Amino acid sequence: MIKAKPEVEALTPYVAPLEGRRSLLRLDFNESTVGPSPKVLDAIRGLPPDAYAAYPEYAGLNDAFATTLGAPVSHVEAFNGVDAAIRAIFDAYGEKGSTFLTTVPTFGYYEPCAQQQGMVIDEVPYADDLQYPLAAITRKLETRPRLFFICNPNNPTGTLLAPETVVALARSAPHTLVVVDELYVAFTGQSVVPLALELPNVVALHSLSKAAGIAALRLGFAVGHPTIVERLRRVTGPYDINMFAVVAGLAALADPDHMRRYMVEVLAAKSWTMDELRRLGVRHAGEGGNYILVWPPGDCEVAVKALRGQGILVRSMAGKAVIDGSFRLSIGTLEHMRRFMGAFSGVGLAHSRSAR
């Protein structure tokens, strides 16, 4: 056997259990539960046959997204999903032996990307109350790590930092590339972008997977100083984004009302769900994003399996630092959340009584 480089041989890949989900109520991966704008479907259906045979063209895509942000197009670059943007950041800036700083728990794909580059991983744990470990991170930044990732709001804890706080961290660490993963910014309205566009050490990551409902097509954006964006472009393939994603992305951006209506519906359903969990006396957390953490009474894995038995998927957080014993619950429409609460009330409370 021909071995890969040592960093890859030692790597544990990030694997998400995505098979066999489409017939179930998907409240496990923070996807849209209603799908994209009808304009997206019309645009894809309207593609002529020769569009399938030609390499994709990208004219206007960065411009359209930059317009939604009120940012110059030179600060924006599209990627084959935010995952590809994350990988490009590590490819461009992740030097072997340098330090990658982040928190734990957080999005699981950062760590294998750092491992593949042979970086030293420094993970600062969240407090038990899920408050951001700001003082510890501030001290760590004094050691000048090469990369610092902040997921804001954090996935899976939902912890949210004010943009002003994030910018202050970046200003305190001019030798560190600060990456702000804002995948769920549509549900918070709090972005670092307006304050950070001129900073040469900040890049924000945005996506059309969640609020726009096109996760299957993979389209994300990096937003930052032109010098950063240009370096990321150097390590990205010339045709990484497929033609369907381009067409869908342009159509989705042309229908902001669809995304706005969905966000309003999700936030209302989230508020209702948290009220119901409080009524039941169930511990939960989720300041930002279209998801919350739930600590079911009794055994979490039993509850997760029982919910699946009723056709509802949630994401177990078993084994994760600080939040072991919980599951992440994606928020759908109010109808979807009523269905979840009906099932959870039976599953969670029945299991709690049997465990006494």
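**View 1. The buried residues of helix 12 and the helix's length.** In this predicted model, helix 12 holds a series of buried residues, namely His 258, Met 259, Tyr 262, Met 263, Val 266, Ala 269, Lys 270, Thr 273, Met 274, Glu 276 and Leu 277. Buried means under 20% relative accessible area, exposed over 50%, and partly exposed in between (1.4 Å probe, protein chains only). Helices (H or I, at least four residues) and strands (E, at least two) are DSSP runs, numbered from the N terminus. How far apart are the end C-alpha atoms of helix 12? They are 36 Å apart, which agrees with the 36 Å that its 25 residues (256-280) should span at 1.5 Å a residue. The expected span is 1.5 Å times one less than the number of residues. After the helix comes Gly 281, with a positive phi near 75 degrees.

Before moving on, here is how to read these views. Residues are numbered from 1 along each chain as its sequence is written, and side-chain values use heavy atoms, with hydrogens and water left out. Because this is a predicted model, local features need pLDDT of at least 70 and side-chain atom pairs count only at pLDDT 80 or more, while totals for chains, interfaces and linings use all residues.

View 2. Two strands pair if DSSP finds at least two bridges between them. Strand 10 (residues 291-295) and strand 13 (residues 327-330) are joined in the antiparallel sense by 4 bridges, and Val 294 has Phe 327 of strand 13 as its bridge partner.

View 3. Strand 5 (residues 147-151) and strand 6 (residues 177-181) pair in the parallel sense over 5 bridges.

**View 4. Strand 8 and its two partners.** Is strand 8 mostly covered or uncovered? It is mostly covered, with 5 of its 5 residues buried. Gly 220, Ala 222 and Gly 224 point one way from strand 8, and Phe 221 and Val 223 the other way. In a regular strand the side chains alternate between the two faces of the sheet. Strand 2 and strand 8 pair in the antiparallel sense over 4 bridges, with Glu 77 bridged to Ala 222. Strand 7 and strand 8 also pair in the antiparallel sense, over 5 bridges, and Ser 207 stands opposite Gly 220.

View 5. The structure holds 1 cavity of 30 Å³ or more. The largest cavity has a volume of about 40 Å³, and its lining includes Val 192, Ala 196, Val 203 and Val 223. The largest share of that lining, 3 residues, comes from strand 7. The second largest pocket has a volume of about 610 Å³. Of the 24 residues that line this pocket, the closest to its centre are Thr 68, Leu 69, Val 185, Ala 186 and Met 263. Which element gives the largest share of the lining of the second largest pocket? Helix 12 does, with 4 residues. On a 1 Å grid over the protein atoms alone, a cavity is a set of points where a 1.4 Å probe fits but cannot get out, and a pocket is an open set with protein on both sides within 12 Å along at least five of seven lines; lining residues have an atom within 4 Å of a point. Grid points are joined across faces, edges and corners, and a volume is the space filled by probe spheres set on the points.
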